[in-house]
Amino acid sequence: FVHSISLHNEGKKQLIAINSVPALVKLVQSKTPSIQINALKVVCGISENKTGRELLQDAVPIFTSLLAKISQTSSDTIKQQLKESLQGAIAIVTWKP
């Protein structure tokens with residue numbers, strides 16, 4: 001549900017306004033890959049907003065560390081999806097116009 005909100009500009013602004021970034025970063029660090037993937041979809045959505053990208057800069061080392069850990073483990077389908085989601089989030093959060 002939250003992912004669908006983050007697809008629209010007004011939704012991105014609202015998620016940023018309610019300070020959702022810390023909660024999203026915590027969800028990305030969950031032990032449950034499906035929760036991590038869904039949180040990363042929202043991260044990608046709000047990262048399309050300049051303010052969202054700025055707020056998520058401090059999370060890049062966390063995402064990078066998780067990506068390194070995932071890359072060392074088995075490559076089952078859900079882990080592959082998580083790896084791709086992390087790579088996408090890192091790319092969008094660090095994107096410079």
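Q: Where in this predicted model does Leu24 lie, and why is Leu24 called buried?
A: Leu24 lies in helix 3, which runs over residues 21-28. Its relative accessibility is 7%, and since buried means under 20% relative accessible area, Leu24 counts as buried.

Q: Which residues is Leu24 in contact with, leaving aside its neighbours within four places in sequence?
A: Leu24 is in contact with Ala39, Val42, Val43 and Ile46, where contact means heavy atoms within 4.5 Å. The C-alpha atoms of Leu24 and Lys41, which are 17 residues apart along the chain, are separated by 9.9 Å.

Q: Why is Asn49 called buried?
A: Asn49, found in the loop between helix 4 and helix 5, has a relative accessible area of 19%; the cut-off for buried is under 20%, so Asn49 is buried.

Q: What does the side chain of Asn49 reach, and which residues does Asn49 touch, not counting those up to four places away in sequence?
A: The side chain of Asn49 reaches the backbone nitrogen of Thr51 at 2.8 Å, while Asn49 touches Lys12, Lys13 and Ile16.

Q: What are the buried residues of helix 6, and what covers them?
A: In helix 6, the buried residues are Val60, Phe63, Leu66, Leu67 and Ile70. They cover an arc of only 125° around the axis, and therefore lie on the same side of helix 6. Their cover includes helix 3, helix 4, helix 5 and helix 7.

Q: Which exposed residues does the face of helix 6 turned away from its buried side carry?
A: That face carries Pro61 and Lys69, both exposed.

Conventions
Residues are numbered from 1 along each chain as its sequence is written. This is a predicted model: local features need pLDDT of at least 70, side-chain atom pairs count only at pLDDT 80 or more; totals for chains, interfaces and linings use all residues. Side-chain values use heavy atoms; hydrogens and water are left out. Helices (H or I, at least four residues) and strands (E, at least two) are DSSP runs, numbered from the N terminus. Buried means under 20% relative accessible area, exposed over 50%, partly exposed in between (1.4 Å probe, protein chains only). The arc is that of the directions from the helix axis to the C-beta atoms. A polar contact is a pair of N or O atoms within 3.5 Å; within protein, one must be able to donate a hydrogen and the other to accept it, and residues adjacent in sequence count only if both atoms are side-chain atoms.
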